[in-house]
Amino acid sequence: MQNVVRIRREPEGMTESSAQAAPAGGPVITARDLVFRYPSANGGDPTIDGLTLDFARGAITVIVGASGCGKTTLLNLIGGLLRPSDGELLVDGGVPAAQHAKMGYMPARDGLLPWRNAIANVTLPLEGGRSDLTAKGRKERARELLERVGLGRYVDYFPDQLSHGMRQRVSLARALVSDPQILLMDEPFGALDAQTRLRVQSDFLRALENSGRSVVMITHDLQEAILLGDRILVMSSPRGAILADRAVEIEGSRAGRLHELVVTDEFRALYHDLVDVVMSGFTEVPGAAGRAS
Amino acid sequence: MSNATPAAAAAGQAGRPPSPPRTEAAWRRRARGEMAVLLSRLALVLLLLVIWEVAARMGWVNRHFASQPTDIVVALGELLRSAELWSDVVATTAATLIGFLGGTAVGVLAGLIVGSSNFVDRVTSPLVAVANGMPRIALAPLFVLWFGLSIWAKVALSLSLVVFILFYNTKGALGTVNRDHIVVSRMLDMGAWEKFRTILLPTCLPAIMAGMRIGIVLGLLGVIASEMIASSNGLGQMIVEASATFQIDRLMALILLVSVLAVIMNACVDLLERRVIWWRKDSK
């Protein structure tokens, strides 16, 4: 089987690769001269300073960078958890905080409620008047999602009784249950061991490929960025500058082939290219890890 | 215990019943281990009682001050047969329950309110610290002055002891809310009530239950103390009477009764805890 990892130095327009698979429409997220300064950083440098960027609709955009580079801040801005200090940030044409119904969110540590079993965790986004489904309908929908991530037999299990990988899958099911157009992921697979990670990443791709959903994922794992991303943005401190913007094209479905992809020459080339970029912009920021987390 | 599996021994050390064994042989080994523990416990208690009895009979300790197990059993029998005892048990239990439940309700509510506002917390914390530092037992005469020789004087002292534990435990637990849960609640645009119901309250429940465990014993202590200082009924008042009339057997029997009452109340809280904190029932 031939794996083609095509690397293009210049991102072409709004990344055409994603435009093919994606539904019509402009970019799903647009940032114009975006500035963000933490209130506590009195008079210090802004974490993000003058960022202008578009995120293509229907694409998986991965933001990589060292701890403290501002990638979590950017994700929180897109999620409407933080407000820009200056500039403009629009999600699907609206202010981020007003677009929560269109978003699914997956935190780094599963973020599941320990007092709810798997299925009740997955129904959470459908409760509280956020969906028209009845209690029974919500359960059916949640069961469907859990089956899709391979946890059909574990619907009654509490998070404590599940492995790390299983918990992340429940978290993925929860993020997808409301059928959001936009999925925000904060280092979702960082806590998993290498083998489990490949498995969960595969499940993730299976659930996402050709779904037309737009994904913004942050990670510090370059391998993950290449395997999952349609586009990779390398972010760097200070000021959250974008050091590199790479499109990744891989022919056919990636799910189930991740372990083959990592040994291709194209993968290695892109990996080395990204390592060079990341290290060129790497400056350690004192105490930044704590602020970003 | 020597033939217990390492896993079972480790789980036993953690103070939690070990997970169910897989094979029948393992079951039998486990059952034998449990039986050995039970028999050893019983033997230990018997041994201590025998030492006490012998020491009293041989005159190593003064019978009039220390009594002896056989006399206490006789006194206990007399107590249990008398009709008046039960009205006193009811009086003590009722006051404890009212003080405990009232203190829990007020403490949890205050903890939730103060814990949700940094401003309120900073304003009230010195005041609460001083109130908590007061020797509550010393307030008993004051409560009697306010409420007379009624159940409410006991309830007041009991409540004043229970309320702070629940307050501090609840407030502290609110500070431990998982940040990811908060983010999820914000991404889902949860209202205040939904957030409280699905995230804040369950987060606080283990600490609240731990507070209730200590609270029920302290609540009983408060009632007994209040009854000993000034009361017309209750086990505390009977204890004072027995010691004033030098009936050491009866005094010891009463203390035993109070301990049994405390154990029963504790077991009730235990039972409640297992129902309320269901998600921890068989974790790992």
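## Close-up views of a predicted model

**View 1. Helices α7(B) and α8(B) pack against each other.** In this predicted model, helix α7 (residues 140-147) of chain B meets α8(B) at an angle of about 140°, and their axes lie 8 Å apart. Angles over 145 degrees would count as roughly antiparallel. The pair is therefore oblique. The crossing of α7(B) and α8(B) is right-handed.

**View 2. Side by side: the residues that join α7(B) to α8(B).** From α7(B) come B:Ala140, B:Phe143, B:Val144 and B:Phe147. α8(B) supplies B:Trp152, B:Ala153, B:Ala156, B:Leu157 and B:Ser160. By class, eight of these residues are nonpolar and one is polar. None is charged.

**View 3. Chain A meets chain B.** Chain A puts 26 residues into the contact, and chain B puts in 20 residues. About 2100 Å² is buried between the two chains. Carbon and sulfur atoms give 60% of that area. On the chain A side, A:Leu81, A:Trp115 and A:Asp160 lose the most area to chain B. Together they account for 32% of what that side buries. The model scores ipTM 0.82 and pTM 0.78.

**View 4. Confidence along chain B.** Chain B averages a pLDDT of 87, with 91% of the residues at 70 or above. Among its elements, helix α8 (residues 151-174) has the highest mean pLDDT, 95. Helix α1 (residues 6-13) of chain B has the lowest, 39. Over residues 1-17 of chain B the pLDDT is below 50. Beyond near neighbours in sequence, this stretch has 10 contacts in the model. Where pLDDT is low, predicted coordinates should not be read in detail.

Definitions and conventions
Residues are numbered from 1 along each chain as its sequence is written. Chains are lettered from A and ligands numbered from 1 in the order in which they are written. This is a predicted model: local features need pLDDT of at least 70, side-chain atom pairs count only at pLDDT 80 or more; totals for chains, interfaces and linings use all residues. Side-chain values use heavy atoms; hydrogens and water are left out. pLDDT is the predictor's confidence in each residue, from 0 to 100. Helices (H or I, at least four residues) and strands (E, at least two) are DSSP runs, numbered from the N terminus. Contact means heavy atoms within 4.5 Å. Axes are lines fitted to C-alpha atoms, for helices over the stretch in contact, and angles run from 0 to 180 degrees between N-to-C directions. Angles under 35 degrees count as roughly parallel, over 145 as roughly antiparallel, 65 to 115 as roughly perpendicular and the rest as oblique. A crossing is left-handed if the near helix is turned anticlockwise from the far one by less than a right angle, and right-handed if clockwise. Ala, Val, Leu, Ile, Met, Phe, Trp, Tyr, Cys and Pro count as nonpolar, Asp, Glu, Lys and Arg as charged, and the others, Gly among them, as polar. Buried area is the accessible area (1.4 Å probe) that two parts lose on being put together, summed over both.
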